[in-house]
Amino acid sequence: MNSMTARLQAKLTAGDRLSREEALSLWDLDLLTLGRLAEQVRGRLHPEPTVTYVVDRNINYTNICVSGCRFCAFYRPPGSPEGFVLEEETLSRKLAETRELGGSGVLLQGGLNPDLPLEYYEGLVRFIRGYGLHVHGFSPPEIVFFARQSGLSWAQVLERLIRAGLGSIPGGGAEILVDRVRRRLSPHKCSATEWLAVMAAAHRLGLKTTATMMFGHLETREERTEHLLKIRDLQDETGGFTAFIPWSFQPQNTALGGEAAGSWDYLKTLAISRLVLDNVRNLQVSWVTQGGKIAQVALAFGANDFGSTMIEENVVAAAGVTFRLSESEIRRLIASAGYMAQRRNHLYQMVETEQGKELRLEPLPPPPRLELARNAGKSGQSPSLPKRNKVGRGEVREPLLPDPPPQKPALAVIARVGAHRDFLAKGVKYWGGEVRATPFGPSNPVHLFDLEGQSFAVLSRHGEEGYQVAAAFVNDRANLFALKELGVEKVLAWCAPGAITEAMEPGHLVAPDDILDETRGEPYTFFPGRGLGFIRQNPVFCPEMRRILVRILKSGSFPFHETGVYVATSGPRLETPAEIRKFRKLGGDLVGMTLVPEVFLARELELCYAALCYVVNFAEGIKERPFQPGVLFEGLATPGEIEQVQKVEAAFAEMVLQLLPELLAAPRACPCNRLMERYRLRGDLGEDWRTWFR
Amino acid sequence: MPPFFQDPRLIPLYDKVRAQERLNFEDGITLYRSRDLLGVGYLANLVRERLHGRRAYFIYNQHINYSNVCVNGCQFCAFGKSANDPAAYTMSLSEILDKVKERLDEPISEIHIVGGLHPDLPFSYYLDMLQTIRALRPEVHLQAFTAVEIAHLADLAGLSVADTLQALKEAGLGSLPGGGAEVFSPRIRSSLCPKKLSPEGWLGVAQTAHRLGLKTNATMLYGHLETVEERVEHLIRLREAQDETGGFVTFIPLAFHPKNTRLPDLPETTGFDDLKNLAVARLMLDNFPHIKAFWIMIGPKLAQLSLAFGADDIDGTVIEEKITHMAGAQTPTGLTRAQLLHLIQEAGCEPVERDTLYNIIGS
């Protein structure tokens with residue numbers, strides 16, 4: 001191995017980012033070396049030998065297109081006898097078939113058709129959602145086109161589509177994100193900057209998207225690298241790309257013609273993508289353009305995803321490339337390469353257990369309704385409510401929406417995955433969930449409920465569909481900003497630490513009264529470098545809320561501890577036995593990754609904040625617990641303990657509803673809402689809290 | 001410092017390969033079973049580059065399949081038909097000659113002739129075939145009749161294999177193609193092709209040819225019912241025969257295709273498997289000069305990739321440019337020379353056009 005390769009390998013093993021020069025130098029490496037390096041990065045991002053795939057269908061609503069890209073064999077100009085716009089009957093058939101075949105969604109794309117208004121697309125999306133299918137639809141060129149046609153901004157177009165049910169956006173139309181190439185290849189299509197800006201806007205509105213690259217035509221290797229670097233940069237800002245898919249241009253039946261890039265070029269490009277895009281989690285092979293044999297081999301070159309079973313695919317087929325793979329074929333290719341096949345959905349979440357048993361696809365939750373934060377200064381506007389979806393056939397899972405809530409939610413519960421569903425299950429009146437845009441990025445969805453005329457909010461820290469975001473990476477600032485903006489004054493944080501103190505057993509409740517902060521390097525203030533935020537943390541939790549928790553829960557049905565010191569760690573790893581011994585010496589009772597910096601940020605916003613913990617396991621070293629791979633907590637909790645924990649989890653909503661009336665009624669005689677008073681008096685901060693952030 | 005293998009069991013093999021030590025049966029199994037595709041490829045590529053640098057050979061040839069009538073009825077075959085089958089055909093000598101005449105103005109170096117075991121064609125048919133083609137194109141090398149056909153011809157002629165080969169040689173035979181080897185395991189032979197010439201018979205014909213100064217190729221059909229052990233055994237038997245008589249030139253692993261065979265429910269071979277077979281062949285057959293990837297079977301994309309996994313030769317019909325413009329873009333039956341060169345060059349290899357005996361024609 002020569003020294004350049006050794007240097008690159010050392011960098012990659014350390015998880016360091018490659019510079020532009022290093023990225024360019026990758027093209028000089030030989031194929032097997034690139035594959036090896038890419039495999040290492042894949043192994044670090046995805047330690048399990050799993051390859052994911054999705055079952056879906058590509059539906060093209062029209063092939064009539066005014067863009068006339070030179071590499072495209074699919075489009076027809078307006079007026080062409082071969083032009084079509086999908087009719088409802090055909091669409092219905094395709095959607096029903098997709099559901100029958102177990103498809104979880106639809107990849108929806110089409111030509112830029114000047115005769116279709118925005119309402120057509122909204123209706124299309126709603127129609128598909130009526131079948132319970134995820135809509136992975138449109139692309140930046142389409143969004144730009146819709147905006148131009150309708151006279152709206154991109155954000156407005158995106159909001160309307162999101163309200164209609166758009167779930168995510170595919171990364172098409174990227175080709176090569178360098179205008180020199182775009183001008184010659186597709187002069188009537190959006191520029192590279194526009195493509196990136198539309199994706200940024202989508203990400204900020206809470207939409208996940210993929211990114212693609214079509215290479216092997218007019219571009220140079222430098223331009224391919226440029227493309228990758230642009231994606232990487234945008235991902236740093238927004239984190240909204242779920243996957244990257246490169247593929248080679250297929251020349252047949254296109255204006256451009258020429259030769260298709262061979263497997264060598266494809267595999268090199270794929271491997272280099274893996275090495276450069278250190279911040280994009282998933283890398284997908286293109287069996288549609290390369291065929292099953294090369295796609296399988298590509299799994300050894302850094303890719304971890306096999307794409308879609310493509311119940312239908314028309315665009316590449318127009319170029320005469322008609323590879324087809326069934327789901328069982330895909331699974332066979334994955335398995336014979338030595339990997340485990342795992343079905344996923346369009347958000348790259350798993351929908352299948354490792355034993356190959358299908359999780360029943362849950363009916364999709366109502367799509368997030370969208371409201372942008374208004375300009376700082378305007379306050380108290382309630383979200384506009386969308387109308388009920390019109391559906392043709394199929395199920396729709398949306399509550400009939402009542403009038404807007406009579407008052408703002410004064411209390412928010414920040415809790416675990418899908419917490420709002422527990423309240424839905426109890427029949428609490430529900431206004432819907434929104435993702436709110438904040439200066440710190442999009443918040444998690446905030447769900448509004450009404451309890452006998454009083455509103456409260458519920459927010460899941462870690463994601464709605466499964467444990468998506470580890471504690472260390474939850475966007476606390478965005479969540480708290482969103483809650484405060486909605487009118488929240490008090491936060492009840494529900495969390496699940498481990499116990500250092502043996503008397504606090506799994507299934508017990510604890511209302512901690514102090515914190516030992518052992519976290520590292522997280523953004524724990526809204527005011528970095530501004531000389532603000534010297535807030536006393538004595539007591540660190542709202543005393544008024546705590547009093548109510550103690551009074552009510554000490555006579556409750558679960559064992560309850562009135563005080564406790566919560567040791568906060570960063571994670572995502574669990575602690576070592578030596579660390580737990582240290583924490584015990586320091587007086588810690590519980591250990592977890594959730595409350596910090598959430599509590600400190602909440603106090604900077606002058607929110608009352610109290611935590612209600614339920615113990616899920618003993619911390620390391622407290623009890624003898626041998627490692628068990630593959631099970632929850634890897635054996636740290638026994639099945640008996642897990643059962644106790646589940647009892648508490650099942651009682652979560654009921655407990656909260658029991659606590660709510662008193663918590664809401666408490667008059668805020670605590671110091672919490674005056675923690676920043678000194679800065680207001682000094683003039684460092686304005687009266688309107690929304691002006692506090694730079 | 002050894003390069004990074006994901007599979008640590010490849011590391012002792014790496015030492016062996018660098019020391020040019022022969023690999024044994026267990027080594028072959030390790031290679032086949034390893035999930036470390038890139039590691040296996042790396043090893044094979046070491047050998048490939050030692051022998052051939054970055055050269056990638058190809059030949060401009062023409063194929064003639066004179067008849068698909070066959071008495072063997074092998075289960076993995078989609079080509080052979082019984083004599084009264086409506087899809088059966090047998091070319092007359094004039095038809096064969098017409099075929100040759102069609103492409104007289106192309107720079108063809110080799111005519112590759114194979115067919116089924118026809119029960120009725122006399123030995124003279126074959127002799128005449130060779131003689132008349134040679135008369136028409138004296139400069140072209142005739143690679144004709146697999147060991148299986150040769151044994152059949154010996155029966156027809158009532159001659160020994162050696163004498164049969166001698167007669168054919170005098171009529172213009174240049175070398176033997178490698179087909180008919182399938183898998184040497186008795187288990188496979190008895191279940192899939194019991195009527196076929198036995199492995200001993202096949203090797204016997206090949207070695208007799210070698211002793212008469214004729215070069216031959218060898219093959220293995222993989223991806224049906226054979227086990228990994230049977231594959232390795234097959235390669236070792238070929239290696240041993242080569243040690244004795246030294247006349248094998250090229251080994252071609254052939255990917256089984258299920259369509260229209262009597263094993264239609266078997267899946268197609270995977271890319272992993274295709275590359276593994278090439279790589280393992282390169283590593284086990286240390287005394288075979290060349291390993292060929294047959295792109296018609298595994299596709300041009302995979303054949304291109306195989307140049308990094310041990311193959312140094314790419315075979316498949318090459319079409320001259322002037323035919324291309326009549327046929328449109330790439331036809332299903334051939335690549336143009338330009339396409340083939342592009343394929344090879346994109347892989348960072350040096351395209352070398354060769355004749356049957358690997359004399360360089362051009363590059």
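In this predicted model, B:Tyr66 has 0% relative accessibility, so this residue counts as buried. B:Phe145 also comes out at 0% relative accessibility and therefore counts as buried. The two rings sit with their centres 6.1 Å apart and their planes at 75 degrees, which means the pair is edge-to-face. B:Tyr66 lies in the loop between β2 (61-64) and α4 (93-102) of chain B, while B:Phe145 lies in the loop between β4 (141-144) and α6 (147-157) of chain B, so the pair links distant parts of the chain, 79 residues apart.

**Aromatic pairs**

- How many aromatic pairs are there over all chains? The count comes to 39.
- One of them joins A:Phe440 and A:Phe481, an edge-to-face pair with 6.1 Å from centre to centre and 65 degrees between the planes.
- A:Phe440 is in the loop between β13 (429-438) and β14 (441-442) of chain A, and A:Phe481 is in helix α15 (residues 476-486) of chain A, so their pairing ties together parts that are 41 residues apart in sequence.
- A:Phe440 has a relative accessibility of 18%, and because buried means under 20%, this residue counts as buried.
- A:Phe481, at 4% relative accessibility, counts as buried too.
- Ring pairs also build a cluster, in which A:Phe440 and A:Phe481 are linked with A:Phe526, A:Phe527, A:Trp689, A:Trp692 and A:Phe693.

**Chain B in outline**

- If you trace chain B, you will come across 15 helices and 13 strands.
- Of the 363 residues in chain B, 60% are buried.
- Take the contacts in chain B between residues at least 6 apart in sequence: 74% of them join residues at least 24 apart.

**A closer look at B:Gln242**

- B:Gln242 is part of helix α10 (residues 228-245) of chain B.
- Is B:Gln242 buried or exposed? With 5% relative accessibility, B:Gln242 counts as buried.
- A polar atom of the B:Gln242 side chain lies 2.9 Å from the backbone nitrogen of B:Phe248.
- Setting aside neighbours within four places in sequence, B:Gln242 touches B:His210, B:Gly247, B:Phe248, B:Asn287, B:Phe288 and B:Pro289.

**Where chain A meets chain B**

- Chain A brings 33 residues to the contact and chain B brings 32 residues.
- Between them the two chains bury about 2800 Å², and 64% of that area is on carbon and sulfur atoms.
- Which three residues supply more of the area that chain A buries against chain B than any other three? They are A:Arg36, A:Trp264 and A:Lys293, with 29% of that area.
- There are 2 salt bridges across the interface of chain A and chain B.
- One salt bridge pairs A:Lys293 with B:Asp274, and their closest N and O atoms are 2.7 Å apart.
- On the side of chain A that touches chain B, at least two residues come from each of α3 (31-45), α11 (263-276), α12 (287-298) and α13 (327-336).
- α3(A) gives the largest share of that side, 8 residues.
- Sorted by class, the side of chain A that touches chain B has 16 nonpolar, 11 polar and 6 charged residues.

**Backbone details to look for**

- Most residues other than glycine have a negative phi, and most peptide bonds are trans.
- The peptide bond from A:Gly571 to A:Pro572 is cis, with omega near 0 degrees.
- A:Pro572 belongs to the loop between β22 (565-568) and α17 (577-585) of chain A.
- Another cis peptide bond connects A:Val596 to A:Pro597, where omega is about 5 degrees.
- A:Pro597 sits in helix α18 (residues 595-604) of chain A.
- A:Arg668 is a residue other than glycine with a positive phi, near 65 degrees.
- You can find A:Arg668 in the loop between α20 (652-665) and α21 (677-682) of chain A, and at 16% relative accessibility A:Arg668 counts as buried.
- B:Tyr358 has a positive phi as well, near 65 degrees.
- B:Tyr358 is in the loop between β12 (350-354) and β13 (360-362) of chain B, and with a relative accessible area of 12% B:Tyr358 is buried.

How values were computed: Residues are numbered from 1 along each chain as its sequence is written. Chains are lettered from A and ligands numbered from 1 in the order in which they are written. This is a predicted model: local features need pLDDT of at least 70, side-chain atom pairs count only at pLDDT 80 or more; totals for chains, interfaces and linings use all residues. Side-chain values use heavy atoms; hydrogens and water are left out. Contact means heavy atoms within 4.5 Å. Buried area is the accessible area (1.4 Å probe) that two parts lose on being put together, summed over both. A salt bridge is a side-chain nitrogen of Lys or Arg within 4 Å of a carboxyl oxygen of Asp or Glu. Helices (H or I, at least four residues) and strands (E, at least two) are DSSP runs, numbered from the N terminus. Ala, Val, Leu, Ile, Met, Phe, Trp, Tyr, Cys and Pro count as nonpolar, Asp, Glu, Lys and Arg as charged, and the others, Gly among them, as polar. Buried means under 20% relative accessible area, exposed over 50%, partly exposed in between (1.4 Å probe, protein chains only). A polar contact is a pair of N or O atoms within 3.5 Å; within protein, one must be able to donate a hydrogen and the other to accept it, and residues adjacent in sequence count only if both atoms are side-chain atoms. Rings of Phe, Tyr and Trp (its six-membered ring) pair if their centres lie within 6.5 Å; planes under 30 degrees apart count as stacked, over 60 as edge-to-face and the rest as tilted.
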